[in-house]
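Here are my notes on this model, point by point. Keep the structure open while you read.

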Amino acid sequence: MLHVVTRHGVAILVGLGFGAVLALAIVDEPSGSLHAPGGVAVFVGNLTALVGTYLALVMVLLVSRVGIVERAIGQDQLVRWHKRLSPWPLSLIALHAMLTTIGYAQAAKAGVWAELGSFVRTYPDMLAALVGFGLMMAVGIASIRAVRAKVRHETWWALHLYLYMALALSFAHQIVLGPSFVGHPITVAVWSVAWAATAGLVLVYRVGMPVFRTLRHQLRVVEIRTEGPGVASIICEGKDLDRLGVAGGQFFAWRFLVRGMWWQAHPYSLSALPSPRYLRLTVKAVGDHSSAVAHLKPGTRVAIEGPYGRFTRESSTQPRVVLLAAGIGVTALRALLEDLPGDSRPVVVLRASKAEDLVLRAEIEELVRARGGKLHELIGSRSKVRIDRGSLVRLVPDLKSRDAFVCGPPEFVGHIEAVLKSAGLPLTRIHHEAFSL
Ligand SMILES: Cc1cc2nc3c(=O)[nH]c(=O)nc-3n(C[C@H](O)[C@H](O)[C@H](O)COP(=O)(O)OP(=O)(O)OC[C@H]3O[C@@H](n4cnc5c(N)ncnc54)[C@H](O)[C@@H]3O)c2cc1C
């Protein structure tokens with residue numbers, strides 16, 4: 001119930017803010033200014049600036065990791081919205097820069113380049129805004145799909161920091177020069193509070209909380225255990241770990257504090273519920289970070305951000321569930337299974353290309369047995385072992401009366417979701433964690 005209220009509350013606040021920003025640009029336009037030379041371009045330029053920066057703030061808020069919003073909506077959904085929204089603020093701000101320069105040039109009967117030069121020389125805070133604009137456009141170009149595909153995840157993450165800097169650099173010129181702000185102290189106050197609140201939330205949730213949790217729980221690697229080909233469990237010891245408030249199926253962003261790794265945080269699910277002294281994650285080597293974790297030395301300090309994720313029993317609408325995972329997706333499934341009550345009789349479907357890829361298998365078998373459930377293992381290549389509506393209903397005859405939890409690579413999650421929908425399961429009963437953001 002709280003999640004539904006939060007979801008609707010967030011949507012209403014964002015909608016109201018959008019309406020207020022539109023109204024601000026329109027109401028504050030002095031009558032007659034549209035008929036003056038360059039008036040239309042300046043008006044539309046102001047409108048696009050206000051809407052563009054408002055949407056940029058919304059984008060920042062979507063990934064600010066505010067706990068209550070993360071739990072209500074889920075990080076994967078928030079990141080999806082963030083990505084979907086991203087072309088808008090950048091295009092609108094680019095349009096603002098273009099139209100405002102054209103409008104002022106028309107009013108001054110000057111050339112566009114001459115007007116741009118005069119902006120930088122004579123208007124306060126314009127140089128900073130121009131640098132901010134350049135940074136925004138650089139990030140915009142890097143976001144074009146063809147370029148993005150070639151950029152490493154870490155570089156991509158670092159580029160986002162420039163976007164924060166770009167927004168900060170552009171703030172002053174908006175307040176000092178924007179027609180909606182000049183001579184409107186209340187508007188300046190409200191806009192400044194909105195910016196300060198957004199920056200505050202980012203600092204608290206993306207910096208303050210992780211630092212606090214890391215200092216409080218004092219995590220260190222104590223053991224690395226090989227689980228299968230290219231898969232290792234990392235056991236971390238710390239203080240009061242049962243007070244982290246983790247539900248089975250959730251994940252943290254992990255930062256191992258050694259040379260070459262401290263600056264990158266990667267998401268890994270817990271592969272077991274925390275005990276007061278230990279946390280466990282299980283990682284499959286697919287790239288440089290996930291390969292390096294298997295070679296961490298005992299004693300390595302660990303910083304954490306989280307817990308995140310809605311892949312938990314709390315999301316379930318029915319008492320009975322079916323859990324499906326492929327490959328390394330068993331990690332979140334294993335922890336979620338451990339969190340289910342003893343009489344839950346879960347059906348678990350594990351998918352792997354080879355038997356040795358079924359890591360944590362013995363633990364899962366034991367947890368399923370203790371809960372009176374059933375375990376199905378589907379081993380073989382995708383062409384030989386297909387999961388379709390018919391085969392799934394044969395494995396889980398009462399599928400329609402259960403909630404489904406699906407975890408693993410994005411292609412597997414997408415395929416199973418489609419199969420579940422075709423089998424008549426409504427979207428509200430399908431929960432997923434795709435191992436890619
Ligand atoms: C919610 C979630 C839970 C996950 N849980 C597990 C788990 O329990 N065990 C496990 O082995 N793997 C898990 N993963 C996947 C794991 O995060 C990636 O395999 C790992 O980050 C790859 O990093 P790399 O440097 O080794 O490889 P790279 O070659 O850099 O990346 C391989 C792919 O992983 C993704 N990726 C890389 N870095 C990040 C990042 N910082 N954030 C998000 N995605 C990234 C990208 O899509 C990339 O294409 C999880 C992913 C998510 C999103």
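**Notes on packing, rings and backbone**

1. Tyr308 counts as buried, because its relative accessibility is 6% and the cut-off for buried is under 20%. Bear in mind that this is a predicted model.

2. What is the partner of Tyr308 in a tilted aromatic pair? The partner is Phe251. The ring centres lie 5.8 Å apart, with 55° between the planes. Phe251 sits in strand β3 (residues 251-256) and Tyr308 in strand β6 (residues 301-308), so the pair ties together parts 57 residues apart in sequence. Phe251 is buried too, at 8% relative accessibility.

3. Next, another ring pair. Phe252 and Trp254 have ring centres 5.6 Å apart and planes at 65°, so this pair is edge-to-face. Phe252 counts as buried, at 0% relative accessibility. Trp254 is also buried, at 0%. In total, the structure holds 11 aromatic pairs.

4. Go back to Tyr308 and look at the face of its ring. Arg65 lies over that face, at 5.6 Å from the ring centre.

5. Now check the backbone beside Tyr308. The peptide bond from Gly306 to Pro307 is cis, with omega near 5°. Pro307 lies in strand β6. Most peptide bonds are trans.

6. Now the largest nonpolar core. It has 35 residues. Leu50, Met136 and Trp191 have the most contacts inside it. Helices that each supply at least two of its residues include α1 (2-27), α2 (39-62), α7 (126-143) and α10 (185-217). The largest share, 10 residues, comes from α2.

7. Leaving out residues up to four places away in sequence, Trp191 touches Val21, Leu50, Thr53, Tyr54, Phe171, Gln174, Ile175 and Phe181. Trp191 also belongs to one aromatic cluster with Phe171, Phe181 and Trp195.

8. There is a second, separate core of 23 residues. Among its members are Val321, Ile328, Ala332 and Phe405.

9. Last, two phi angles. Most residues other than glycine have a negative phi. Arg345 is not a glycine, yet its phi is positive, about 45°. Arg345 is in the loop between α12 (330-339) and β8 (347-352). Leu360 is not a glycine either, and has a positive phi of about 60°. Leu360 lies in the loop between β8 and α13 (361-370).

10. Are these two residues buried or exposed? Arg345 counts as partly exposed, at 47% relative accessibility. Leu360 is buried, with a relative accessible area of 6%.

Technical notes
Residues numbered from 1 in each chain as written. Predicted model: local features only at pLDDT ≥ 70, side-chain atom pairs only at ≥ 80, totals over all residues. Heavy atoms only, no water. Core = buried A, V, L, I, M, F, W, Y, C linked by side-chain atoms within 4.5 Å. Buried < 20%, exposed > 50% of the residue type's maximum accessible area, 1.4 Å probe, protein only. Helix = DSSP H or I, 4+ residues; strand = E, 2+ residues; numbered from the N terminus. Contact = heavy atoms within 4.5 Å. Phe/Tyr/Trp six-rings, centres within 6.5 Å; stacked < 30°, edge-to-face > 60°. Lys NZ or Arg CZ within 6 Å of the ring centre and 35° of its normal.
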